[in-house]
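Here are my notes for you on this structure, written as numbered points. Keep the picture open beside the text and look up each part as you read.

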Amino acid sequence: MEAHNGLSARIVEDTGFGGIWASGLSISAALGVRDCNEASWTQILEVVEFMRDAAPNTPILLDGDTGFGNFNNVRRLVAKLEQRQISAVCLEDKVFPKRNSFIKGNQQLADPVEFAGKIRAAKDSQSNPDFSVIARLEGFIANQSLDQVLARADAYYEAGADALLIHSKQSHPNEVLDFARNWDRPCPLVIVPTTYGDTPSEVFADAGISLVIWANHSMRASITAMQATCQMIHKQQSIRAIEERVAPLSEVFR
Ligand code: SPV
Ligand code: MG
């Protein structure tokens with residue numbers, strides 16, 4: 001489940017989710033910037049540090065975008081994440097600065113050989129054997145064919161990826177299910193069903209998909225709640241009617 005700051009990470013942990021997705025989109029939105037690497041990588045690092053402290057018992061998977069540079073930047077990123085007890089990083093095969101996968105317009109994919117080198121560099125530089133590197137395939141987002149995406153997946157698996165995140169922007173799960181049917185390597189699959197969230201989760205489990213990430217819903221819930229609260233207070237010029245709609249201070253102190 002997604003989180004974007006210490007508070008939301010704590011709420012995700014309290015709810016009982018088995019892992020936290022430190023979402024680039026949501027962290028960016030919470031900082032008031034676009035999901036286009038406008039926040040620097042050390043600013044992202046600072047946010048995940050707060051998340052780690054606020055939710056100490058839940059593994060955090062950082063959305064590492066394209067790795068914030070080349071393979072050397074990735075090596076440094078992995079070292080800094082390990083120092084902060086972050087469990088895993090997800091790197092996507094686009095070019096820096098990346099654009100969010102759902103924004104209209106063209107997406108520029110990374111050269112697959114260069115990207116495989118980044119995955120290899122990440123795996124080679126980790127010192128905790130349990131640290132995981134997830135290679136995210138943006139081929140379907142950039143309108144590539146299944147065969148092209150499978151070829152990239154194979155290269156990233158060979159480079160040492162611990163899992164593959166297959167992304168799709170369609171309103172149905174056909175691309176990810178087609179991929180899962182044709183993927184025969186011993187490497188788990190991850191999906192982000194933001195645009196095909198109507199699909200029952202059993203369909204993904206039956207297809208052999210290991211992990212589903214609900215990627216931005218805490219952040220979007222907070223937008224709706226903050227807008228409604230601000231509008232109400234602005235209109236009524238009073239906080240009288242709002243008290244029962246917001247968390248009591250005792251909950252904040254807890
Ligand atoms: C994110 O949450 O930042 C992601 C997932 O990368 S998505 O926005 O769906 O591309
Ligand atoms: Mg992202």
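Which residues lie nearest the centre of the largest cavity? Keep that question in mind; point 2 answers it.

1. A word on the model. This is a predicted model, in which local features need pLDDT of at least 70 and side-chain atom pairs count only at pLDDT 80 or more, while totals for chains, interfaces and linings use all residues. Residues are numbered from 1 along each chain as its sequence is written, chains are lettered from A and ligands numbered from 1 in the order in which they are written, and side-chain values use heavy atoms, with hydrogens and water left out.

2. The largest cavity. Leu25, Asn100, Arg136, His167 and Ala215 lie nearest its centre, and they belong to a lining of 16 residues. (On a 1 Å grid over the protein atoms alone, a cavity is a set of points where a 1.4 Å probe fits but cannot get out; lining residues have an atom within 4 Å of a point.) Its volume is about 170 Å³, where a volume is the space filled by probe spheres set on the points, with grid points joined across faces, edges and corners. The lining divides into 5 nonpolar, 6 polar and 5 charged residues. Here Ala, Val, Leu, Ile, Met, Phe, Trp, Tyr, Cys and Pro count as nonpolar, Asp, Glu, Lys and Arg as charged, and the others, Gly among them, as polar.

3. The other cavity. In total, the structure has 2 cavities of 30 Å³ or more.

4. You can trace an open sheet of 8 strands in the order S1-S2-S3-S4-S5-S6-S7-S8, with parallel pairing. At the edges sit strand S1 (2-3) and strand S8 (211-212), each pairing on one side only. Strands are DSSP runs (E, at least two residues), as are helices (H or I, at least four), and both are numbered from the N terminus. Two strands pair if DSSP finds at least two bridges between them.

5. Strand S3 and its neighbours. S3 covers residues 60-63, and both of its faces are covered: Ile60 and Leu62 on one side, and Leu61 and Asp63 on the other, are all buried. Buried means under 20% relative accessible area, exposed over 50%, and partly exposed in between (1.4 Å probe, protein chains only). Strand S2 (residues 20-22) runs parallel to S3 and is joined to S3 by 3 bridges, with alanine 22 partnered by leucine 62. Strand S4 (residues 88-92) is also parallel to S3, again with 3 bridges, and here leucine 62 stands opposite valine 89.

6. A crossover to look for. S3, helix H4 (residues 71-83) and S4 form a right-handed β-α-β unit. Right-handed means that, with the strands pointing away from the viewer, the path from the first strand over the helix to the second runs clockwise.

7. The largest pocket. This one has a volume of about 710 Å³. (A pocket is an open set of points with protein on both sides within 12 Å along at least five of seven lines.) Of its 25 lining residues, Leu7, Ser8, Ile11, Ser222 and Ala247 are the closest to the centre. Helix H9 gives the largest share of the lining, 8 residues, and by class the lining has 13 nonpolar, 7 polar and 5 charged residues.

8. Serine 218. Finally, find serine 218 in helix H9. Serine 218 is buried, with a relative accessible area of 19%.
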